[in-house]
Amino acid sequence: MYARTQNENGTYNTRCLYCFMTVAFAVEAPEELDRLESRHLCPEKALAQLVAADHDQATHAH
Ligand SMILES: [Zn+2]
């Protein structure tokens, strides 16, 4: 989930919609955006997965 915007000079910015961190800015090629987005380690997403894993363990404990 990323929000991409285009700058007046034709380059792109991309922002993560989970943590609202700017993943990349002034990127010239959309292919580069794909690459940079896939490399983003999202703290919010990691946290959500951690909470989900905890919930799973609690469920199995019963
Ligand atoms: Zn993120």
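This briefing walks through the fold, the sheet and a few individual residues of the chain above.

The model is predicted, so to speak of local features a pLDDT of at least 70 is needed, side-chain atom pairs count only at pLDDT 80 or more, and totals for chains, interfaces and linings use all residues. Residue numbers start from 1 along each chain as its sequence is written. The chain holds three strands and two helices, arranged along the sequence as β-β-β-α-α. Here helices (H or I, at least four residues) and strands (E, at least two) are DSSP runs, numbered from the N terminus.

**Overall shape**

- The radius of gyration of the chain is 16 Å, whereas a compact globule of 62 residues would come near 11 Å. That radius is taken over C-alpha atoms, and the globule rule is 2.2 Å times the number of residues to the power 0.38.
- The C-alpha trace spans about 60 × 15 × 10 Å along its principal axes.
- Of the 62 residues, 5% are buried. A residue counts as buried if 20 or more other C-beta atoms lie within 10 Å of its own, exposed if 12 or fewer, and partly exposed in between, with C-beta atoms placed from the backbone.
- Taking contacts between residues at least 6 apart in sequence, 17% join residues at least 24 apart. Two residues are in contact if their C-beta atoms, placed from the backbone, lie within 7 Å.

**The sheet and the helix across it**

- The three strands form an open sheet in the order β1-β2-β3, with antiparallel pairing. Its edge strands are β1 (2–6) and β3, each pairing on one side only, and the twist averages 10° from one strand to the next. Strands pair if DSSP finds at least two bridges between them.
- Strand β2 (residues 12–16) runs antiparallel to β3 and is joined to β3 by three bridges.
- Helix α1 (residues 30–39) lies across β1, β2 and β3, and runs at about 160° to β3. For such angles, axes are lines fitted to C-alpha atoms, for helices over the stretch in contact, and the values run from 0 to 180 degrees between N-to-C directions.

**The β2–β3 hairpin loop**

- Five residues lie between the strands of this hairpin. Both C19 and F20 sit in the loop.
- C19 is partly exposed, because 16 other C-beta atoms lie within 10 Å. Leaving out residues up to four places away in sequence, C19 touches C42, P43 and E44.
- F20 is exposed, because 9 other C-beta atoms lie within 10 Å. F20 has a positive phi of about 60° although it is not a glycine.

**A26 in strand β3**

- A26 belongs to strand β3 (residues 22–27). A26 is exposed, because 10 other C-beta atoms lie within 10 Å.
- Not counting residues up to four places away in sequence, A26 touches N7 and T11. A26 and N9 are 17 residues apart in sequence, and their C-alpha atoms are 8.8 Å apart.
- Phi of A26 is positive too, near 55°, in a residue other than glycine. As background, most residues other than glycine have a negative phi.
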